[in-house]
Amino acid sequence: MRSAFGMTFEVPGGYLNTPSIGVPPTEAVTAMNEAVAKWGRGGDAPGDFDGYIERTRELYAHFAGVPAERVTAGNSLSGLVALVAASLPDDARVLVADGDFTSVVFPFAAHADRGVTVTEAELSALPELAAGYDLVAVSVVQSADGRIVDLDALREATAGIPTRVLLDTTQAAGWLPLQLEWADYVAGACYKWLLSPRGAAWMAVRPDIRLRPIYANWFSGTPDEDTNYGLPLRLAEGARGLDQSPVWLQQVGAEAAMRELAKADLEQVRRHCVGLADELRAQLGMPPGGSAIVGVPGAEAGDRLTAAGVVSSPRAGKARVGFHLYNTADDLDRVIFALRA
């Protein structure tokens, strides 16, 4: 059992795989166990989960630095990006970072038959190239190696021009303080740095943008009106009308985990995570990256880490590790010892 930032975790030593799956605080595990037990007793009704869904919407807004009223709730990042892709005009031009996570890229590439083109470019070049495209879609923190897009430069480059910006916060929200109200779309999943069970994602949409509600369903229907059966189409106003049908039990765990995480000072969390990660970079002779994620080079790095009890992931030819708020200097020492053995 570990304590960190006012939370407790049953995270094992050497667990550095948060970029794949975050470990929840014990409060979230308790909440999920209680919810499953209640379900097993037949004690649930659909409306019982509405409060959890609204609170997770608000909590995502907190971590992404966006207004809560702009946030639509979904089940996965790719599903929300697909909303944007389906609303692009024919022959739209999309700019993405070279090697970005496919959930950001594939939804646009799937529209090639409509003439939608997707161009990859070096991450650092996106701001200077943005004006030549209809949309820039990029992860704030790159999944493979932790590089961070220059948000200030991208914001400045797209200010006052028609180019829209979609930002993926999945590898950023939860350790990196964000203020992304300026972006057109801000989307992210919950099960990594937000420490929640898989099955929820959110996207903030600027109020002047109209997306086709391709997932229109009973839950996105007009509040206080029966939308379970029949026509006409009647959807809630704004982002709420884009909601996907929620995964109820997941929302219980996400609300508990994100509520606890929201109590922490994210700037302190950032300094903690980046401090450990940049110390690892220094020990490996790498320049500081300012990111919680490190791509460890070397063909045998992954095997050495596994043998030393370090949980990492193979990504883009490297062993990827990530330091979250529950990681300590002991985890760092275990990595260094493994790589020097």
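## Largest pocket

Nine nonpolar, two polar and five charged residues make up the lining of the largest pocket. The structure described here is a predicted model.

## Second largest pocket

The second largest pocket has a volume of about 270 Å³. A set of 18 residues lines this pocket, with Leu88, Pro89, Asp134, Pro162 and Arg164 lying nearest its centre. Sorted by class, the lining of the second largest pocket consists of eleven nonpolar, two polar and five charged residues.

With a threshold of 30 Å³ or more, the count is one cavity. The largest cavity holds about 40 Å³ of space.

The residues lining the largest cavity are Ile53, Ala73, Gly74, Asn75, Gln244, Pro246, Val247 and Gln251. By class, four residues in the lining of the largest cavity are nonpolar and four are polar, while no charged residues are present there.

Note on methods:
Residues are numbered from 1 along each chain as its sequence is written. This is a predicted model: local features need pLDDT of at least 70, side-chain atom pairs count only at pLDDT 80 or more; totals for chains, interfaces and linings use all residues. Side-chain values use heavy atoms; hydrogens and water are left out. Ala, Val, Leu, Ile, Met, Phe, Trp, Tyr, Cys and Pro count as nonpolar, Asp, Glu, Lys and Arg as charged, and the others, Gly among them, as polar. On a 1 Å grid over the protein atoms alone, a cavity is a set of points where a 1.4 Å probe fits but cannot get out, and a pocket is an open set with protein on both sides within 12 Å along at least five of seven lines; lining residues have an atom within 4 Å of a point. Grid points are joined across faces, edges and corners, and a volume is the space filled by probe spheres set on the points.
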